[in-house]
Amino acid sequence: MIFKSAKINAFRTWGLLLTMIGMGLMVLGTAGIVFWGQAGKIFAGIGLVLGLITMLGSMGIYFWAGMLSTSAVQIQCPECGKLTKMLGKTDRCMFCRTILTQDPGIATITADELEAEQPKTSV
């Protein structure tokens, strides 16, 4: 349960992971020149190209997550009360990780029951 997160956050996490891997490949490739001199240039070239490809993959994932984020439905989380974005039939709150749904067929509690549970505050 601790590793479950919202779908958009999961895409962003994969994008960040690819960014770190790409930068690591570039640094390790460049370190080939330090360790092996002239013979390490081929190793450096391979590392830089592979790093560039993973960085471009990261950019694609970030772009895809951004496009999904613009069309995602914004709802208010019933647990924490913050606005969160939801993809698909079910998703998790970005902040408190509560499972959310807009499909009444798979919901465990309806909106009317949720309102009845909330304490009435008079101002």
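Helix α1 (residues 7-36) and helix α2 (residues 40-71) approach each other with their axes within 7 Å and cross at roughly 165°. Axes here are lines fitted to C-alpha atoms, for helices over the stretch in contact, and angles run from 0 to 180 degrees between N-to-C directions. The two helices are therefore roughly antiparallel to each other, a term applied to angles over 145 degrees, with under 35 counted as roughly parallel, 65 to 115 as roughly perpendicular and the rest as oblique. The crossing of α1 and α2 is left-handed, that is, the near helix is turned anticlockwise from the far one by less than a right angle. The residues of the contact of α1 with α2 divide into 22 nonpolar, 13 polar and two charged. In this division Ala, Val, Leu, Ile, Met, Phe, Trp, Tyr, Cys and Pro count as nonpolar, Asp, Glu, Lys and Arg as charged, and the others, Gly among them, as polar.

The model is a predicted one, in which local features need pLDDT of at least 70 and side-chain atom pairs count only at pLDDT 80 or more, while totals for chains, interfaces and linings use all residues. Residues are numbered from 1 along each chain as its sequence is written, and side-chain values use heavy atoms, with hydrogens and water left out.

The secondary structure of the chain comes to three helices and four strands, and the order of the elements from the N terminus is α-α-β-β-β-β-α. Helices (H or I, at least four residues) and strands (E, at least two) are DSSP runs, numbered from the N terminus. Of the 123 residues in the chain, 21% are buried. Buried means under 20% relative accessible area, exposed over 50%, and partly exposed in between, with a 1.4 Å probe and protein chains only.

Gly29 is found in helix α1 and is buried, with a relative accessible area of 2%. Its C-alpha atom is separated by 6.8 Å from that of Gly45, 16 residues apart along the chain. Leu52, in helix α2, is partly exposed at a relative accessible area of 45%.

Aromatic rings were examined next. Rings of Phe, Tyr and Trp (its six-membered ring) pair if their centres lie within 6.5 Å; planes under 30 degrees apart count as stacked, over 60 as edge-to-face and the rest as tilted. By this rule the count comes to three aromatic pairs. The ring centres of Phe11 and Trp64 are 4.6 Å apart and their planes stand at 40°, so this pair is tilted. The pair links distant parts of the chain, with Phe11 in helix α1 and Trp64 in helix α2, 53 residues apart. Phe11 is partly exposed at 23% relative accessibility, and Trp64 is partly exposed at 47%. A further pair, Trp36 with Phe43, is edge-to-face, at 5.3 Å centre to centre and 90° between the planes. Trp36 counts as exposed, with 53% relative accessibility, whereas Phe43 is partly exposed, at 41%. Phe35, Trp36 and Phe43 are linked into a cluster by ring pairs.

A charge was also found over a ring. Lys82 lies over the face of Phe95, at 4.9 Å from the ring centre. The rule requires NZ of Lys or CZ of Arg to be within 6 Å of the ring centre and within 35 degrees of the ring normal.

Most residues other than glycine have a negative phi. Arg97, although not a glycine, has a positive phi of about 65°. Arg97 is placed in the loop between β3 (90-92) and β4 and is partly exposed, with a relative accessible area of 36%. The C-alpha atoms of Arg97 and Ser5 are separated by 5.9 Å, although the two residues are 92 residues apart along the chain. Ile99 is found in strand β4 (residues 99-101) and counts as exposed, at 60% relative accessibility. Its C-alpha atom is separated by 9.8 Å from that of Lys4, 95 residues apart along the chain.
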